[in-house]
Amino acid sequence: MGARLMNTTEDPCQSLKIPLATSLSTLQVNLIACNRTIGNFSHITNIRLKYLSLPGTIPTELVNLRFLEEIDLSCNYLNGTLPEKWAYMQHLNKIGLTSNRLTGEIPTEWGSFNNLSGLCLDENRLHGTIPKELGYLVQLTTLILSGNRFSGNFPRSLGNLKNLSDFRISDNNFAGTIPEFIGGWTCLQRLEMHSSGLEGPIPHSLFGLGNLSDLRISDMNGPKFKFPNLSNKNIKYVVLRNLNMSGSIPTEIWEMSNLHVLDLTFNKLEGKISSTEVHPNFIFLSDNMLTGDIPDSFRTSQGSYMYVPKLRAWIP
């Protein structure tokens, strides 16, 4: 694949790590580790080759490394399609192929991974629909598909992914409304849907997820819906931008002590801002239909910028 080993006098499989010729910035990132020993033989378990400008296609021969647990080839120049035969690697628990030039669809065979916990395919040129077989990957905690050309509706089988904590699908061409089953992913901590192609409104169950700390949804068509009840008081990032959201901003959102960023720009929010205490460090309210003056509590907060029809002001 073009990655070169460093000169070494020791047996790399005895040291359990094969040193790579790489830059200082990636020295701690890349490795080929041999952490499975059976008899007199050490077996490769981890291949991490990131930021190395590797060309060509992904080698299907990696399937011969039967104890492989991690493949991370992110941030290279790899092209071609996702190897179907990788599905035979039953010890594999992480696949990282972020920021390459991969094309084609997600193989349906990939639904047979027994131990896969992380699948990162973002920033490629993948297309097609999401196969229903991905719903069999019940060990998944991370599923990142952003920055591709995926289309169609999400299969209901994805509702089985109860262990997901990180789900990102921005910048795609999906169809239909946001699936209701996301409200059942109780382990979810980060949800990101910018320009995903999905339509609103957002299911109310989603705002009740108790572990959600990072919620970012923007640029979504659909009918008007009222500002949701954010029952999760531990959330840190709330971005609900350009969603055709209406109604007034509830007072309690300003008093959420863990909230760091609040972005409600390009909606149809109305009424005055009433607040006695403000906790978000960065507040963005441009292009709504808010009226009245900026409360004094905003002037003493660390908020960033807000806009109302009669007033523009930087908040110190």
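## The E13–E15 pairing

Ser151 has Asn173, in strand E15, as its bridge partner. Strand E13 (residues 149-152) and E15 run parallel and pair over 2 bridges; two strands count as paired if DSSP finds at least two bridges between them. Strands here are DSSP runs of E, at least two residues long, numbered from the N terminus.

This is a predicted model, in which local features need pLDDT of at least 70 and side-chain atom pairs count only at pLDDT 80 or more, while totals for chains, interfaces and linings use all residues. Residues are numbered from 1 along each chain as its sequence is written, and side-chain values use heavy atoms, with hydrogens and water left out.

## The five-stranded sheet

E13 and E15 belong to an open sheet of 5 strands with parallel pairing, in the order E7-E9-E11-E13-E15. Its edge strands, each pairing on one side only, are E7 (79-80) and E15 (173-174).

## The four-stranded sheet

A sheet of 4 strands, also open, has the order E18-E20-E22-E24 and parallel pairing.

E20 (residues 245-247) pairs with E22 (residues 268-271), parallel and over 2 bridges; here Gly247 stands opposite Leu269 of E22. E22 in turn pairs with E24 (residues 289-290), again in the parallel sense over 2 bridges, and Glu270 has Met289 in E24 as its bridge partner.

## Cavities

The model holds 2 cavities of 30 Å³ or more. A cavity is a set of points, on a 1 Å grid over the protein atoms alone, where a 1.4 Å probe fits but cannot get out; lining residues have an atom within 4 Å of a point. Grid points are joined across faces, edges and corners, and the volume is the space filled by probe spheres set on them.

The largest cavity has a volume of about 50 Å³. Phe227, Pro228, Asn229, Leu230, Lys233, Pro250, Glu252, Ile253 and Met256 line this cavity. By class, the lining has 6 nonpolar, 1 polar and 2 charged residues; Ala, Val, Leu, Ile, Met, Phe, Trp, Tyr, Cys and Pro count as nonpolar, Asp, Glu, Lys and Arg as charged, and the others, Gly among them, as polar.

The second largest cavity takes up about 40 Å³. Its lining consists of Leu206, Phe207, Leu209, Leu212, Leu215, Leu230, Asn232 and Ile235, with 7 nonpolar residues, 1 polar and no charged ones. Leu230 is listed in both linings.

Conventions:
On a 1 Å grid over the protein atoms alone, a cavity is a set of points where a 1.4 Å probe fits but cannot get out, and a pocket is an open set with protein on both sides within 12 Å along at least five of seven lines; lining residues have an atom within 4 Å of a point.
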